[in-house]
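Here is a friendly walk through one chain and its ligand. Have the model open beside you as you read.

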Amino acid sequence: MTANESAGNAQYIMKASGVCKKFGFVQALKNVSFEVGPNEIVGLIGDNGAGKSTLIKTLTGVHQADSGELYWKGTQLTNYSVHAARDMGIVTVFQDRALSEQHSIWRNIFMGKELTGWGGFLRVKKQKEETQRMMREMMGFTSSFMTPDTPVGNMSGGERQGVAICRALYFEADLIILDEPTGGLSLSETRKVLKFVRSIKESGKSCIFISHNMYHVYPVADRIIVLDRGEIVDAFVKGQIDIETLEARLLEIAGTSDIDLKVPVGSKAIARE
Ligand SMILES: Nc1ncnc2c1ncn2[C@@H]1O[C@H](COP(=O)(O)OP(=O)(O)OP(=O)(O)O)[C@@H](O)[C@H]1O
Ligand SMILES: [Mg+2]
């Protein structure tokens, strides 16, 4: 087994095999084979333009691959679409577009999936109660200033990511894809997001966690995949590599290993924020 195969055994929930994608003359993905196992957190790291978003857009039916195959739980996907991905239980949470700012937390949780009762009436009370329970049990929000009616626009970036992730978990997504969930967040907000990624693991679901920053990915990922100019150039099972070795390898891939970047390890995660 290579590190690019899901940890433990050859089982996977989502698999891409030999995927290629071109935009005009840009080869965004070159023969990419990638998989996510059940209850596995896969960190996907790479520089700007490496092809990370293109890969997840291909996995979620936004882009059609030029060649290669996609499989979901052992079945090859044909006529794949965004709709099909959603129906299968794949949810993508984007950094900025995850939620509607002017709406309350409970509205955001149930948006497009409203609970309705007899006659089609909205079950507002039930939705607020469920939101309150999620806030307490899943999001760990204990402040009395934050209620299900609080507008999402009043929440911090990390808290918003938490709401989006809890929404996905509540509606039983099997695979949650986070595209740069920690981009632009402070260290304490980043910690909140990492806690939510852990809650995905604890709930038995799988996750692809995309980031530029290996210090965000490393603590929560089971495996780390490195994309560079459209190709998977390295893959590590977390237990088999320490963070210093990973850093050295990434600098080598970036072609900057001769530049002295010596900064105390703990401060690097902050450096980008
Ligand atoms: N819709 C598109 N049309 C044309 N070119 C595109 C499109 N989407 C991506 N590309 C190109 O494909 C390459 C990979 O882009 P992609 O967005 O996947 O990178 P990324 O790893 O997500 O980068 P970032 O870290 O900046 O988000 C880039 O050269 C980009 O310009
Ligand atoms: Mg991207």
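## Terms and overview

Two strands are said to pair if DSSP finds at least two bridges between them. Helices (H or I, at least four residues) and strands (E, at least two) are themselves DSSP runs, numbered from the N terminus. This is a predicted model, in which local features need pLDDT of at least 70 and side-chain atom pairs count only at pLDDT 80 or more, while totals for chains, interfaces and linings use all residues. Residues are numbered from 1 along each chain as its sequence is written, and chains are lettered from A and ligands numbered from 1 in the order in which they are written.

The chain has nine helices and 10 strands.

Let us start with an open sheet of six strands, whose order is 6-7-8-3-9-10 and whose pairing is mixed. Strand 6 (90-94) and strand 10 are at the edges with a single partner strand each, so one side of each has no neighbour in the sheet. On average, neighbouring strands are turned by 20 degrees against each other, direction ignored; axes here are lines fitted to C-alpha atoms, for helices over the stretch in contact, and angles run from 0 to 180 degrees between N-to-C directions.

Five of its six residues are buried, so strand 9 is largely enclosed by the rest of the structure. Strand 3 (residues 41-45) runs parallel to strand 9 and is joined to it by four bridges, with Val42 opposite Arg223. With strand 10 (residues 231-237), strand 9 pairs in the antiparallel sense over six bridges. Here Ile225 has Ala235 as its bridge partner, and Ile224 has Phe236. The two strands form a hairpin with two residues between them, and Arg229 in the turn has a positive phi of about 45 degrees.

## A pair of helices

Helix 5 (residues 157-170) and helix 6 (residues 187-202) pack at about 10 degrees, with their axes 8 Å apart. That makes helix 5 roughly parallel to helix 6, because angles under 35 degrees count as roughly parallel. Among the residues that meet are Gly158, Ile165 and Leu169 in helix 5 and Val193, Phe196 and Ile200 in helix 6. The contact divides into five nonpolar, five polar and three charged residues; Ala, Val, Leu, Ile, Met, Phe, Trp, Tyr, Cys and Pro count as nonpolar, Asp, Glu, Lys and Arg as charged, and the others, Gly among them, as polar.

Helix 5 also lies across strand 6 and strand 7 (175-179), running at about 175 degrees to strand 6.

## Around the ligand

Seven of the eight residues of helix 1 are buried, so helix 1 is largely enclosed by the rest of the structure; Lys52 and Thr54 are among the buried ones. Just after helix 1, Gly61 takes a positive phi of about 80 degrees.

Definitions and conventions:
A residue is buried if 20 or more other C-beta atoms lie within 10 Å of its own, exposed if 12 or fewer, and partly exposed in between; C-beta atoms are placed from the backbone. Angles under 35 degrees count as roughly parallel, over 145 as roughly antiparallel, 65 to 115 as roughly perpendicular and the rest as oblique. Two residues are in contact if their C-beta atoms, placed from the backbone, lie within 7 Å.
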